[in-house]
Amino acid sequence: MPSILDDAQATLTQWLSYLESIHAKPIDMGLERVKEVAKRLDLHFDAVIFTVAGTNGKGSTCTMLEAILQSAGYRVGLYTSPHLMVFNERARVDGEYATDAQLIEHFRKVEGARGDVSLTYFEFTTLAILSLFAASRLDAVVLEVGLGGRLDAVNILDTDCAILTSVDIDHTEWLGDTREVIGWEKAHIFRKDKPAICSDPMPPESVARYAEEIGADLWQFGRDFNYSGDRQQWGYGGRSQRRRALAYPALRGANQLLNASAALAALEAVQERLPVPQQAVRVGLSQASLPGRFQILPGQPAVILDVAHNPHAAAVLAQNLDNMGYHPYTYAVLGMLSDKDREAVIRTMGRRIDGWYCATLQGPRGTTGEELAAKVRQTLEIQEGKEGEPAVHACQDVRTAFAAAREAAQDNDRIVVFGSFLTVAGALEALGRTAGVRA
């Protein structure tokens, strides 16, 4: 069978299809395979490496770090996952998405180096993006952990500064079903004698225990760094650094000051290698943009896009909706994967929703609109046909669900699209938008 390496014309789409076929399991936790291929690739970094883990808040923290560092004049590589619309979103260099040609070049390098080592899609693409970053002469690299921490492919690199944003229940099949166990898994991005920033206000005890066990320098929110603010501005206070009179981040939502303070604590911790002036902080926070995280699209009715797919993220979304002000009716476009805690997410959103449009998501982990609609009725004990009860509709896909919600909504109402990256991506496609659209 000919190798894809023999096909000089293979497209990015063809490469990604190939990568989905070369390993028996989509998720296969462990570092032995990926470490072996990384060794063969001889990856080296002179850049300051930030590794960011957490149940929620990772993407926002990574994006703010990138924006601030770029505003300070540094060359930055950012790796995040999953993507919303196109794979290229996962890798940014100097704020620009990696091109197809750049990605294919480094896919070819990984394929040539791996030999008979079988890699998952995530492992292979992580190595390719790390290879791209290593070749790009960067000052800083910001890496978002895909799943957990201890056995995630990103964790093959020894970070200069680890950030743990939050610990909550998610991915229980791989990480465990308690915050203590999950916290221990995520804390494995910490390194001896290196700063470990924890912005979870109430982290499980396992986080501090692991930091002490390995000799990491734990920075705990509320003890080593904090924030304060009023309606006009906010300020950061760390161990030895104060940043006052800051404008609020461009990213919307109740938790964004927590995420911003984690980014500023990380920058304080590495200030000898990457000094950042106050103006760069102001500009970076004002320019940071992250699609699908309480993203409010312009126009009427208001459309809110949020990838919230676990109870913790749903609680933040619910709080943000409550802070928006009055809207006569709120309609939900909901699509969720079967391995998520659908009942808890639905229960958290509860009676804020006046009409549910439940969409089928494709794939082996997908849930049909009918299944999800039944889950909504059961969880919220909705009596169909009773006056005053929210209507619950099953839809064949996100596009159909979104169109139905827009048909139902008046100009002063709002539509919230949530439950999965796939759900938000479907709504963006229906609107003819790209993931890079700024709210």
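Helices and strands are DSSP runs, a helix having at least four residues and a strand at least two, and they are numbered from the N terminus. The model described here is a predicted one.

Pro82 sits in the loop between strand S2 (76-79) and strand S3 (91-93). The bond that links Pro82 to Ser81 is a cis peptide bond, with omega at about -10°. A cis peptide bond also joins Gln300 and Pro301, and omega there is about -10°. Pro301 belongs to the loop between strand S12 (295-297) and strand S13 (302-305). Another loop, the one between helix H7 (179-186) and strand S7 (195-198), holds Asp193. For Asp193, phi is near 65°, a positive value in a residue other than glycine.

Helix H3 (residues 58-71) and helix H9 (residues 256-269) have axes 9 Å apart and pack at an angle of about 50°. Angles from 65 to 115 degrees count as roughly perpendicular and those under 35 degrees as roughly parallel, so H3 is oblique to H9. The crossing of H3 past H9 is right-handed. On the H3 side, the contact involves Ser60, Thr61, Met64, Leu65, Ile68 and Leu69. Their partners in H9 are Gln256, Asn259, Ala260, Ala262, Ala263, Leu264 and Leu267. Sorted by type, the residues of this contact between H3 and H9 are nine nonpolar and four polar, with no charged ones.

The second pair consists of helix H12 (residues 342-349) and helix H13 (residues 369-380), whose axes come within 9 Å and cross at roughly 60°. H12 and H13 are therefore oblique to each other. Their crossing is right-handed. From H12, the residues Arg342, Glu343, Ile346 and Arg347 take part in the contact, while H13 supplies Leu372, Lys375, Val376, Thr379 and Leu380. In the contact of H12 with H13, four residues are nonpolar, one is polar and four are charged.

The last topic is empty space inside the model. Rolling a probe the size of a water molecule over the atoms shows where such space is left. Searching the whole structure turns up one cavity of 30 Å³ or more. The volume of the largest cavity is about 170 Å³. This cavity is lined by 16 residues, of which Thr80, Glu89, Leu290, Pro291 and Arg293 are the closest to its centre.

Key: Residues are numbered from 1 along each chain as its sequence is written. This is a predicted model: local features need pLDDT of at least 70, side-chain atom pairs count only at pLDDT 80 or more; totals for chains, interfaces and linings use all residues. Side-chain values use heavy atoms; hydrogens and water are left out. On a 1 Å grid over the protein atoms alone, a cavity is a set of points where a 1.4 Å probe fits but cannot get out, and a pocket is an open set with protein on both sides within 12 Å along at least five of seven lines; lining residues have an atom within 4 Å of a point. Grid points are joined across faces, edges and corners, and a volume is the space filled by probe spheres set on the points. Axes are lines fitted to C-alpha atoms, for helices over the stretch in contact, and angles run from 0 to 180 degrees between N-to-C directions. Angles under 35 degrees count as roughly parallel, over 145 as roughly antiparallel, 65 to 115 as roughly perpendicular and the rest as oblique. A crossing is left-handed if the near helix is turned anticlockwise from the far one by less than a right angle, and right-handed if clockwise. Contact means heavy atoms within 4.5 Å. Ala, Val, Leu, Ile, Met, Phe, Trp, Tyr, Cys and Pro count as nonpolar, Asp, Glu, Lys and Arg as charged, and the others, Gly among them, as polar.
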